[in-house]
Structures are given as structure tokens and as C-alpha cells.
Amino acid sequence: MNLFVIVLCLAAGGLIGFMGGVLGIGGGLIAIPALVLLMDMPQQLAQGTALIMVLPTIMMAVRKYNQQVRIDKRVAAAGAAGAVVFTWFGARLALGIDSSSLRLSFAVFLFFIALFYVWQTWRASRPTAARDAGKGVHKDRNKNASKQASPQTAAPVFTPRRASALGMLCGTLGGFFGVGGAVLAVPIITSVFRLPQTTAQALALSMVIPGSTIALITYTWAGQANWMVGAPLAVGSLAFVPVGVRLAYRLPERRLRACFALMLFATVALLAFEA
């Protein structure tokens, strides 16, 4: 691999790291279709190569998120423990199927996650609009109704046991697609347990670190990871993850969700184009 390709990988890694830090996805969702399109890699090789960059990037992002708001280590550890074995199972399953079928499955998965985020963002904007439209009308009645409804709408607590169950599901998907565990965990944590977007991103990334390590070892052992490409991507990514994380804490939460959904739709479009 010549110097130009190395420099290109460093620059691409910097851009991916920045976007991954902002969106809390570790950058793999961007790297995989880029490797498929620009370097003509099979889906399995792209997933394994992306993991070389994703793993250190996730670790850096978690460290930066934890500096902003302390991560619940008990919950994160329980989720990680649930993910480890299931990540290996998912990776072995992915290595045994046709590359085009895996790519199509990846695109379909991301499409539905993106639709969920669009719905979640739209739903979050409705109460504000309704409140503004009805301002000054039936205030007392609305206040009483709100008080009565609040106990029914209380979110369940995100306990270590629930985190472990979520880790099992996310580990399977993370192993199968190389990435994706955090992508699934974030909308579940924000919608079911109603934690803030940045808190959900921090927890989700924390939960997938051990599983991503297992997946990288599995893909590398099967010869489906190009370290000559992945290593410079990782170096460039690590340099810009902190910048992306700082920006994530400054963006409005609804806008962050919308950016997340747009990134997923863009990834689906890239994969469909390749197919």
C-alpha cells in the first residue's frame, strides 16, 4: 500500500471519527459502505476492517462521554457481559453466508432503525407544538390531566438485568454486522427508558466494547480484516473523536436524533447503490 493510500485512510478516518463522535456510533456505519464502495471490498472484509478502526474509536468516545457525565458502570458492565458470547455467535453466522445477502440484510436493518429515529423525533416535537397551539386554553384542566397521567407515563428503570438482556440482542447484531449493537441500543434506551440521547449513546458504546473485541478477533482469525487499511483509519479517527463528542453535547437533542437518522438513511443509500 503506497503513501497516498495511507494518507487518504488517515484523512477518511479523521472524518469518520468526528462524525462517529457526534452521533455516538463509533464510525463503523460510515466506514463499512465506504470500504465496500471505494475499495471494492466484500461485505465481510469491510466489516472486519471497519472493526479495526471502530474498537479504539469507541474506547476513546466512551472516555470522552464519561468526562462529560459519569457513566453508570454497573449498567454498562451488565450490558457488556450479556453481549460477549452473543457477539461471537453473530460473527460466526455472518462469516458463513453470502456477501451480497449480508449487505442486503445490513441495509434493511439500518433502514428500519432510521425510520424509528424519524418517528421518535417527530413524536418528540408533537407535545411542544400542541402546547404552543393551546396556550391559554383550559389551563387548569390540562394541568390536572397532566398530574393524573404522570404516574402512568413514568419510564422503567434501566437496571443491570435489563441492560444484560439488551446486551445479548445487541451483541448478536454487532457480531453479525460488525457494527450495529450501539445503533440498536440507543433508540431502545431513549424511547423505552427515556434517558437523554447523549447518555444513551455513552451507555450503548460502553456495552459494546468487549463484544467488538471478540468480533474483531473472530473476523481477523477468519482472514476477513485488512489491518493495512484499518490501522491508519483508526489513527485518523482517534484524533477527531474528542471534537465530535464535544459537539454532541452542544447540539439540541432533537437535532442530534435527526442527524443520526439522516446518517443511517445515507448509509442505506450507499449500500443500495453498491448492490
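Guide: Here we'll go through a helix pair, some aromatic rings and a loop residue. Keep in mind that this is a predicted model.

Visitor: Okay, helices then. At what angle do H2 and H3 pack?
Guide: Helix H2 covers residues 28–38 and helix H3 covers residues 43–68; they pack at an angle of about 140°, and their axes are 9 Å apart. That makes H2 oblique to H3.

Visitor: Is the crossing left-handed or right-handed?
Guide: H2 passes H3 in a right-handed crossing.

Visitor: And which residues meet there?
Guide: From H2 you have Gly28, Ala31, Ile32, Leu35 and Val36. On the H3 side they meet Gln43, Ala46, Gln47, Thr49, Ala50, Met53 and Val54.

Visitor: What sort of residues are those, by class?
Guide: The contact of H2 with H3 has eight nonpolar and four polar residues, with no charged ones.

Visitor: Switching topic: how many aromatic pairs does the structure hold?
Guide: It holds six aromatic pairs. One of them is Phe106 with Phe177: the ring centres are 5.4 Å apart and the planes sit at 45°, so the pair is tilted.

Visitor: Where do those two sit?
Guide: Phe106 lies in helix H5 (residues 99–133), while Phe177 lies in helix H7 (residues 160–177). The pair therefore ties together parts that are 71 residues apart in sequence.

Visitor: Are they buried or exposed?
Guide: Phe106 is buried, at 0% relative accessible area. Phe177 is buried as well, at 4%.

Visitor: What about Phe111 and Phe112, how are their rings arranged?
Guide: Their planes are at 80° and their centres 5.7 Å apart, so this pair is edge-to-face. Phe111 counts as partly exposed because its relative accessibility is 33%, and Phe112 is exposed at 53%.

Visitor: Why does Phe112 count as exposed?
Guide: The cut-off for exposed is over 50%, and Phe112 has a relative accessible area of 53%.

Visitor: Which residues form an aromatic cluster?
Guide: Phe106, Phe109, Phe176 and Phe177 form one.

Visitor: Last one: where is Arg250?
Guide: Arg250 is in the loop between helix H10 (227–248) and helix H11 (253–274). With 68% relative accessibility, Arg250 counts as exposed.

Visitor: How far is Arg250 from Val22?
Guide: Their C-alpha atoms are separated by 9.8 Å, and the two residues are 228 residues apart along the chain.

Methods. Residues are numbered from 1 along each chain as its sequence is written. This is a predicted model: local features need pLDDT of at least 70, side-chain atom pairs count only at pLDDT 80 or more; totals for chains, interfaces and linings use all residues. Side-chain values use heavy atoms; hydrogens and water are left out. Axes are lines fitted to C-alpha atoms, for helices over the stretch in contact, and angles run from 0 to 180 degrees between N-to-C directions. Helices (H or I, at least four residues) and strands (E, at least two) are DSSP runs, numbered from the N terminus. Angles under 35 degrees count as roughly parallel, over 145 as roughly antiparallel, 65 to 115 as roughly perpendicular and the rest as oblique. A crossing is left-handed if the near helix is turned anticlockwise from the far one by less than a right angle, and right-handed if clockwise. Contact means heavy atoms within 4.5 Å. Ala, Val, Leu, Ile, Met, Phe, Trp, Tyr, Cys and Pro count as nonpolar, Asp, Glu, Lys and Arg as charged, and the others, Gly among them, as polar. Rings of Phe, Tyr and Trp (its six-membered ring) pair if their centres lie within 6.5 Å; planes under 30 degrees apart count as stacked, over 60 as edge-to-face and the rest as tilted. Buried means under 20% relative accessible area, exposed over 50%, partly exposed in between (1.4 Å probe, protein chains only).
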